[in-house]
Amino acid sequence: MKVSLNKSNIAVMSMIHLFGIAGIFYVPQAATSTIYLAIILYFLTGLSITGGLHRFWSHRSYTAKRPLQLFYLFFSTMAMVGSTIWWCRDHRIHHKYSDTELDPHNARRGFWWSHIGWLFFEKPAAIREAAKKIPMDDLYGDALLKLQHKYYQWISPVLALGVPVALCSLWNDPIGGLMVAGFLRIMLKLHATLSINSFAHAWGRKPYRSDILPVENHVLSLFAHGEGYHNFHHAYQYDWKASENLKCLNLTAWLIWFCEKIGLAEGLKEAKIRAPLDNMGLVSKTS
Ligand SMILES: [Zn+2]
Ligand SMILES: [Zn+2]
């Protein structure tokens, strides 16, 4: 398979990691308010990826009202993980062709490929062709998403870096805003998100479908706001919780549940779950 380097992705990734790692060393000098801002932004951008890009736009597992969509759009743009249209297309292909040659981050090609290696290369022709057949009309029909996609390379750095710098300037720590609440926070969130493609396709239990690579991984759910229940998610991708129930580390599901209560979300789709399997791949309980 002929591959060529994705130079713009390599440049962006290099910059995020260079300044992100430098940001680690800046933490002791950063203002306390800057640290708090970095943590708050980690959660807001993270929940916008999981609740917005993933469960709402990619899977339509529930309907987010426009104010909630705007929240998701704003903070997911701040995460620098790609435009909504780009992210969702890749994610829909991932589910349709999971862990095959047509999956952009096919976990059968190894841990590093599925984690970050896939971002360094242009997609092969076969994946680009498969992408054309992925239904995307719902996203292209949204003028706001098209606008975000068109100007993403300009809007994203302004929101991701410009906003933290401006806010941290209020307490005289613009450098901390750039290095800690900007680059370091982006780098940590990026790896938490990418871990679902790597760790959650490698190590953990498979209680729902033993014939696929995705697994259940509680540790990942802590960092990725409830996205670690990946065996369940691949078995029942349209379930709004992306886990069997709410009795687990699923901050995203708790947010969606709360948004439904206050009228910002509706039409939560629930999977009819067949009996989970035990570690041996056998049915462990009846449902
Ligand atoms: Zn997956
Ligand atoms: Zn998914």
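Mentor: Start with what counts as a helix. Helices here are DSSP runs of H or I with at least four residues, numbered from the N terminus. Take N172 as a case: it sits in the loop between α9 (152-169) and α10 (174-198). Keep in mind that this is a predicted model.

Trainee: How many helices and strands does the chain have?

Mentor: The chain has 13 helices and two strands. Its radius of gyration is 19 Å, close to the 19 Å that the globule rule gives for 287 residues, so the chain is as compact as a globular protein of that length. The C-alpha trace spans about 60 × 50 × 40 Å along its principal axes.

Trainee: What share of the residues counts as buried?

Mentor: Of the 287 residues, 43% count as buried. Buried means 20 or more other C-beta atoms within 10 Å; exposed means 12 or fewer. Look at contacts too. Among those with a separation of 6 or more, 65% join residues 24 or more positions apart.

Trainee: Which residues of α4 are buried?

Mentor: First the general idea. An α-helix has 3.6 residues a turn, so residues three or four places apart point the same way. Now the case: T84, W87, C88, R89, D90, H91, I93 and H94 of α4 are buried.

Trainee: What covers the buried residues of α4?

Mentor: The cover includes α2 (32-58), α3 (66-78), α6 (125-132), α7 (137-140) and α8.

Trainee: How do α4 and α8 cross?

Mentor: Look at two things, distance and angle. The axes of α4 (residues 84-96) and α8 (residues 143-150) come within 8 Å and cross at roughly 100°. Angles from 65 to 115 degrees count as roughly perpendicular. α4 and α8 are therefore roughly perpendicular to each other.

Trainee: Which residues make that contact?

Mentor: From α4, they are T84, I85 and W86. From α8, they are L145, Q148 and H149. By class, the contact of α4 with α8 has three nonpolar, three polar and no charged residues.

Trainee: What about α3, then? Which of its residues are buried?

Mentor: In α3, the buried residues are L68, Y72, L73, F75, S76, T77 and M78. α3 has 13 residues and reaches 18 Å end to end, C-alpha to C-alpha, close to the 18 Å expected. Just after α3, M80 takes a positive phi of about 55°.

Trainee: How should I read a positive phi?

Mentor: Most residues other than glycine have a negative phi. A positive value is worth a look. N172 is a case: its phi is near 55°, and it is not a glycine. A242 also has a positive phi of about 55° without being a glycine.

Trainee: How do I compare distance in sequence with distance in space?

Mentor: E244 and K272 are 28 residues apart in sequence and 9.8 Å apart in space, C-alpha to C-alpha. For L246 and W257, the numbers are eleven residues and 9.5 Å. W113 and S198 are 85 residues apart along the chain, and their C-alpha atoms are separated by 8.2 Å.

Trainee: Where is W113 found?

Mentor: W113 is in helix α5 (residues 111-115). With 18 C-beta neighbours inside 10 Å, W113 counts as partly exposed.

Notes: Residues numbered from 1 in each chain as written. Chains lettered and ligands numbered in written order. Predicted model: local features only at pLDDT ≥ 70, side-chain atom pairs only at ≥ 80, totals over all residues. Rg over C-alpha atoms; globule rule 2.2 N^0.38 Å. Contact = placed C-beta atoms within 7 Å. Axes fitted to C-alpha atoms, helices over the stretch in contact; angles between N-to-C directions. Parallel < 35°, antiparallel > 145°, perpendicular 65-115°, else oblique. Nonpolar A, V, L, I, M, F, W, Y, C, P; charged D, E, K, R; others polar. Expected span 1.5 Å × (residues − 1).
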